[in-house]
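Take a look at the sequence and the structure before reading on.

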Amino acid sequence: GFWGHIHIADYQQSRSWSEVHPLSTEQKFYPSIVETGPIRYIDNDPIWGQTEKMTKGGVRHIQTYILYSGIISAKDEIEGIVLKGIGEDFDWSYLQRYLQAGEPLHLSDSTEDKGILLSEFTANRLRVDIGDKIDIFFVTSAYEELQRRFTVKGLYKTGLEEYDREFAIVDMRRLQQILRWQDGEVGGFEIFLDDIEDLEPFTEEIYFDLDRGLSAENIKERMRAIFEWLELQDVNEWVIMGLMLIVAIINMVTALLILILERTNMIGTLKSLGAGNWAIRKVFLYYAGYIVVVGLFWGNLIGLGLCWLQDTFGFVTLDEANYYLSVAPIKVQWMTILLLNLGTLLVTLLFLIVPSYLVSRVEPVKAIRFK
């Protein structure tokens, strides 16, 4: 939400925020790319090989931006900052949720907005608040020092501390003026997709459709550290689920063995009356399945209840510096829960088939005499 899913910029653009290259908004993809719907692409699966697939969605939004660095001076405090200039096409739906105080910039006016949105982290370090004036010093490519005054209009907090401490939001027109750019010149374009799972195919599609001199980079490539951290959490998720499933299987196998041993006399009686091994095994498997279903019912009831409590009251907190979140988030996906329940039931019953073979080892004569 802060960066967009795919960035289009000059291919010579370095990662230094003090070196920017202007791009004209007169591009064949701007703003018509928002009309792009789902696309077909070739997926190289390690198991199935090359298969043709369709993306889950299309392009939701495109907006322009300029990034330029400066030095803030306020109340005898100084702080390095990267200003993100935004225009009238900026999508406020994300940042609005993280605005802690103040109001958004007014970008639709005919005159430029001289306000600035700071993060709470930067505002606290500079000891400024809503309505305070701050000076920002810039050094242009011609080594000319410029000074501009901004009014703090809002404070935001995304939870990404390393970015909150580094970036501030301003009207793009002020940066165009500082860089001596024309109205139609910007630093790049941010593209938002309907579904982040479509990043790779859309990045490739957009990259090969760009004019020479432009490059496309997606958010996973730009913010590699965050996504590697997220993938690590996915590994933890699978490990925890695997361990829980193993525990469930061991418990149910133990329970089934105890049931068979306790009902040895009954097994012998049924066999003496002509019942087959498979018929008797099905009785125990049905009963084991009943135990699993009851356990899943109460497990879901307690688990979803805890999820509702967390989503409502947020009593499980996190270290924001390490997890980028202050409260553990909850998102209930009913299809995932249904598949987990069905998978647990089927896998557990599958593993119970082996210990149920113990029924065939029971001899009727010995079993009837068994006390």
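Contact here means heavy atoms within 4.5 Å. With that in hand, consider which residues touch which in this predicted model. Among the contacts in the chain with a separation of 6 or more, 71% are between residues 24 or more positions apart.

Now for the overall build. The chain has 11 helices and 14 strands. A compact globule of 371 residues would have a radius of gyration near 21 Å, whereas this chain has 31 Å. Some values for the whole chain are gathered here.

| Property of the chain | Value |
|---|---|
| Box filled by the C-alpha atoms, along the principal axes | roughly 105 × 50 × 30 Å |
| Distance between the mean positions of the positive and negative charges | 11 Å |

As for charges, the chain carries 34 positive and 51 negative ones. Of its 371 residues, 37% count as buried.

Let us zoom in on helix α3, which spans residues 172-179. How many of its 8 residues are buried? The count is 6, and the helix is mostly covered. You can find the buried ones as M172, R174, L175, Q176, I178 and L179. What covers these residues includes the strands β5 (59-74), β6 (77-86) and β9 (133-139), along with β10 (145-156), β11 (167-171) and β12 (185-186). Just after α3 comes R180, which takes a positive phi of about 60°.

Notes: Residues numbered from 1 in each chain as written. Predicted model: local features only at pLDDT ≥ 70, side-chain atom pairs only at ≥ 80, totals over all residues. Heavy atoms only, no water. Buried < 20%, exposed > 50% of the residue type's maximum accessible area, 1.4 Å probe, protein only. Helix = DSSP H or I, 4+ residues; strand = E, 2+ residues; numbered from the N terminus. Rg over C-alpha atoms; globule rule 2.2 N^0.38 Å. Lys, Arg positive; Asp, Glu negative; His and termini not counted. Charge placed at Lys NZ, Arg CZ, Asp CG, Glu CD.
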